[in-house]
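Dear colleague,

Please find below the structure that I am handing over to you. A summary of the findings follows it.

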Amino acid sequence: MTETPVLSVRDLKKHYPITKGILSRQGGVAKAVDGISFDIYPGETFGLVGESGCGKSTVAEAIVRLEEPTDGEIIVNPHGDSPENGTVDQKATTDAGWAAIDRLQSLIHRVPGIGRTASSADEADPRDVTQFDSQQLKAFRRDVQLLLQDSSTSFDPRMTVGAAISERLAIHGMAGRAQRRTIVEDLLERVGLSATDYDRFPHEFSGGQLQRIGLARALVLNPDLLIADEPVSALDVSVQAEILALLEDLQEEFDLSVLFISHDLSVVRQCCDRVGVMYLGQLVEQGKTEGVFTHPQHPYTEALVSSIPTPDPRDSLEEIELTGDVPSPENPPRGCRFHTRCHRIIQPEGVEIPQSEWRALRTLAIKIEQGRIDPDAVVASVVSMEPAPTAPTAVTPSQFDRQLRSEHDVPAPVSDPALEAALTDAIDALYDRDPERARSVLEALFRTPCITDDPDTVTVDDGHVSKCHLR
Ligand code: SF4
């Protein structure tokens, strides 16, 4: 794309310190967002998708600085105007552009540097939201609005919905009460409600109606960018479709760009132009929506796409079941963060065994390496399966080995002799209560790039990128 993005996120990080003990000493960091970059272009919907806890909502909060970013840049370009071209009047010519010139001029006035180019590459970019002072931030937050999952909790139950929407205009300097009312009534009609709903209270509306009111409130300041965080996931499917259709109409009418955050891939496929897939605080794939959904390049995306139900079962891909544990952002795995669950994890050089066998082997090896196998628990399992009472001390190494493999679906023997020898050695070491030896045996033989090296993000084709060694 040659257009200037409305918003450019560059290497954004949000780390949370983890404090421990009564003195609250810092004992590490949780890397909720760890170096992600993406652009949002004028009028487009960019989707952020991933499992719950992957950091996508933290990205939204960091953009509007409800959470202070730890590092990175968030570059804002009102209406996608580059600082040089100054095409500020374009949006004002649209039907909904009643406040645009005033608002943009205000933003330009308050944000030093918008409307001119930074004089030196060494200087902080004056359009960088992370550097804004409180006045600049207030102007920015007028331009970027949030729509949250559950609007019912974001309205004051003692305030009419009209007053709640109108309040935003008042806060941002629109003094005339009658004028505010006219604008809000008009907006309520635009979102499919009635002007007379102005004087009703939130409890009088259904979930879908409240989400429409939430949209009206988000749009009342005529923003450039709407950040919609799971906007339809609390709604019934039929209401979801109505709200998505409304969002699409309003996007065109208001000349809006949208950051659409969702765990629901079907919804993202339906309404997003481009999509970024997040895993454990990182963007692992990004591209045009159809390209990502029809030719997923990252194994994680591939697994997510395979789980989307289709109306015709004959069209369904075989669902890829992800095994292995979801790591914590406090302690992400080294190498590729997805390697603990990846069904395509690369095998060590010279090894060629069935991929499912390699995956099971890796999962057991990870547990051994992380000290998560309790030998006494394995012995206890063996004892509990014996028909006659058996003392734990009577459990033999081969019983121990059999039990551990069966608990992890690892065959005996493993197809590759060198791996089989290493695994047998490691299990024997565990039986001998020598976890260090077990770890070093496995580490020496189970190395692959997926485990040792963080993959680069590589371009697959036009704007389609993937962060995986498999290219
Ligand atoms: S780098 Fe390796 S572990 Fe990570 S996604 Fe690619 S194949 Fe899977």
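The shell around the ligand consists of 10 nonpolar residues, three polar and one charged; here Ala, Val, Leu, Ile, Met, Phe, Trp, Tyr, Cys and Pro count as nonpolar, Asp, Glu, Lys and Arg as charged, and the others, Gly among them, as polar. Among these 14 residues, Cys336, His339, Cys342, Cys450 and Cys468 come nearest to the ligand (a residue is near if its C-beta atom, placed from the backbone, lies within 6 Å).

This is a predicted model, in which local features need pLDDT of at least 70 and side-chain atom pairs count only at pLDDT 80 or more, while totals for chains, interfaces and linings use all residues. Residues are numbered from 1 along each chain as its sequence is written.

The chain has 471 residues, 39% of them buried (20 or more other C-beta atoms within 10 Å of the residue's own; exposed means 12 or fewer, partly exposed in between, with C-beta atoms placed from the backbone). It contains 16 helices and 11 strands (DSSP runs numbered from the N terminus: H or I of at least four residues for helices, E of at least two for strands).

Helix α5 comprises residues 177–190. Its buried residues are Arg180, Val184, Leu187 and Leu188. Viewed down the axis of α5, they fall within an arc of 100° and so line one face of the helix (the arc is that of the directions from the helix axis to the C-beta atoms). Ala178, Gln179 and Thr182, on the other side of α5, are exposed. After α5 comes Gly192, with a positive phi near 90°.

Yours sincerely

Notes:
Expected span 1.5 Å × (residues − 1).
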